[in-house]
Amino acid sequence: MRLDACAFGLAAGTVAAILYLVCGVAVLVAPGPTTTLASYIIHMDLSTMPRLVTAWGFLVGLAFWTFGTAGVFAAVAGVYNQLAVVPREERLQARRPAAA
């Protein structure tokens with residue numbers, strides 16, 4: 001089975017963008033609880049660190065995570081396609097019905 005590297009990358013980039021938007025809204029609506037949750041996730045106290053979220057920073061982060069994730073997943077699909085190559089003889093044998 002081969003993967004469509006472009007479609008796989010686009011799907012991953014879309015999911016990354018949605019997750020980034022959800023995270024951004026969470027920080028906007030409830031910055032304290034979001035920081036606490038992030039502290040639990042990465043095992044570090046983030047409450048003393050300032051939040052430097054600007055509209056420009058949000059857009060740059062959104063673009064970075066969207067296109068970065070899409071690029072990485074497209075590359076993964078490309079490598080997978082190279083590793084999943086089945087020799088021609090094996091493909092032909094798989095198509096032939098088994099002798100009874």
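# Reading a helix pair in a predicted model

There are four helices and zero strands in the protein, and the model discussed here is a predicted one.

Me: In what order do the elements of the protein run from the N terminus on?

Reply: The order is α-α-α-α, and of the 100 residues of the protein, 16% count as buried.

Me: How should I read the packing of two helices, and at what angle do the axes of α1 and α3 cross?

Reply: Two packed helices are described by the angle between their axes together with the distance between those axes. In this model, helix α1 (residues 5-29) and helix α3 (residues 55-83) have axes that cross at roughly 150° and come within 7 Å. Angles over 145 degrees count as roughly antiparallel, and α1 and α3 are therefore roughly antiparallel to each other.

Me: Which residues make the contact between α1 and α3?

Reply: From α1 the contact is made by Ala5, Phe8, Gly9, Ala12, Gly13, Ala16, Ala17, Tyr20, Leu21 and Gly24, and from α3 by Gly57, Phe58, Gly61, Leu62, Trp65, Thr66, Thr69, Ala70, Phe73, Ala74, Ala77 and Gly78. Sorted by class, this contact holds 14 nonpolar residues, eight polar ones and no charged ones.

Me: How do the spans of α1 and α3 compare with what is expected at 1.5 Å a residue?

Reply: For α1, which has 25 residues, the reach from its first C-alpha to its last is 36 Å, close to the 36 Å expected at 1.5 Å a residue. For α3, with its 29 residues, the corresponding reach is 42 Å, close to the expected 42 Å.

Me: Which residues are buried in α1, and what does the cover of the buried residues of α3 include?

Reply: A residue is called buried when its relative accessible area is under 20%. In α1, Gly9, Ala12, Gly13, Ala16 and Ala17 are buried, and what covers them includes α3. In α3, the buried residues are Gly61, Leu62, Thr66, Thr69, Ala70, Ala77 and Asn81, and their cover includes α1.

Me: Is Asn81 buried or exposed, and with which residues is Asn81 in contact once its neighbours within four places in sequence are left aside?

Reply: Asn81, which is found in helix α3, has a relative accessible area of 7% and is therefore classed as buried. Leaving aside neighbours within four places in sequence, Asn81 is in contact with Arg2 and Leu3.

Me: Is Phe64 buried or exposed?

Reply: Phe64 is also found in helix α3, but with a relative accessible area of 56% Phe64 is exposed. The C-alpha atoms of Phe64 and Ala17 are separated by 9.4 Å, although the two residues are 47 residues apart along the chain.

Me: Where does His43 lie, and what is the value of its phi?

Reply: His43 lies in the loop between α2 (31-42) and α3. The phi of His43 is near 60°, a positive value in a residue other than glycine. With the cut-off for exposed set at over 50% relative accessible area, His43 counts as exposed at 73% relative accessibility.

Notes: Residues numbered from 1 in each chain as written. Predicted model: local features only at pLDDT ≥ 70, side-chain atom pairs only at ≥ 80, totals over all residues. Heavy atoms only, no water. Axes fitted to C-alpha atoms, helices over the stretch in contact; angles between N-to-C directions. Parallel < 35°, antiparallel > 145°, perpendicular 65-115°, else oblique. Contact = heavy atoms within 4.5 Å. Nonpolar A, V, L, I, M, F, W, Y, C, P; charged D, E, K, R; others polar. Expected span 1.5 Å × (residues − 1). Buried < 20%, exposed > 50% of the residue type's maximum accessible area, 1.4 Å probe, protein only.
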